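Here are my notes on this model. Please read them with the structure open.

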Amino acid sequence: MLAPHLECWLQAHHAAFLVPYPARWVNNIYFDTPDYLAYAQNLAGITDRAKVRYRWYGDVSPIGAGQIEVKMRRSGLGRKLTHDVSTPPPAYGMWGAVLTHLRDSITGGARTWFDAFPMPVLINRYRRSYWVTADGLVRVTIDTNHAVFDQRYNSVPRTDRPANVPRTTVFEVKYLPEHHDQVRDTIATLPVSLSRHSKFAVGMDAIRSF
């Protein structure tokens with residue numbers, strides 16, 4: 001398994017990577033339009049695009065309190081708009097009730113984006129570990145144990161029939177644009193090659209062939 005090798009590399013790195021808090025399960029609902037606009041833009045590599053998800057931690061069911069996240073990419077750079085949802089949706093509620101609760105819990109720009117991508121298409125989850133350099137400038141996450149659940153034709157959220165997804169380890173490096181040179185030096189000895197990866201696109205590929 002690749003994750004232990006990556007963790008050993010981080011532990012031995014001269015940048016003194018630390019574990020800021022324990023690993024945990026991450027759950028996401030991804031939203032799209034009925035004609036899959038977000039998915040199509042991702043596949044086409046459109047430079048100006050957005051994707052909407054709802055994230056919570058721990059058990060995948062029932063859906064817990066969390067946050068709406070809008071990930072926006074402009075000219076190759078990304079930023080994230082977040083809005084906390086402090087009260088969980090109705091336990092085991094219909095999708096209509098879940099969506100109404102989420103929409104009523106957010107305001108402003110987050111609600112505008114939520115309305116633009118109104119359809120829950122998939123739920124995914126994975127185990128995530130966290131690392132950060134001693135100076136706090138570079139953050140790394142390692143994701144394993146990925147699972148994807150199709151939601152397109154369900155009246156309620158369902159996580160009992162996982163789709164087939166590749167067995168992957170996702171190593172993600174996060175930093176501010178002004179620290180690009182430092183990050184390049186930090187990961188120069190990384191024992192694997194880096195490439196673009198979208199859990200949303202991988203999940204959509206899986207459920208569309210499910």
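**Notes on cores and fold**

1. The largest nonpolar core has 35 residues, and Phe 31 and Tyr 54 have the most contacts inside it. A nonpolar core here is a set of buried Ala, Val, Leu, Ile, Met, Phe, Trp, Tyr and Cys residues joined through side-chain atoms within 4.5 Å. Buried means under 20% relative accessible area, with a 1.4 Å probe and protein chains only.

2. This is a predicted model: local features need pLDDT of at least 70, side-chain atom pairs count only at pLDDT 80 or more, and totals for chains, interfaces and linings use all residues. Residues are numbered from 1 along each chain as its sequence is written, and side-chain values use heavy atoms, without hydrogens and water.

3. Look at Phe 31. Leaving aside neighbours within four places in sequence, its contacts (heavy atoms within 4.5 Å) include Val 52, Tyr 54, Leu 99, Phe 114 and Val 121. Another core lies apart from the largest one. That other core has 15 residues, among them Leu 10, Val 140, Val 173 and Ile 187.

4. Buried residues make up 43% of the 210 in the protein. Of the contacts with a separation of 6 or more, 67% join residues 24 or more positions apart.

5. The secondary structure comes to six helices and seven strands. These are DSSP runs: helices are H or I with at least four residues, strands E with at least two. From the N terminus, the order is α-β-α-β-β-β-α-α-β-β-β-α-α.

6. The C-alpha atoms fill a box of roughly 50 × 35 × 35 Å along the principal axes.

Key: Buried < 20%, exposed > 50% of the residue type's maximum accessible area, 1.4 Å probe, protein only.
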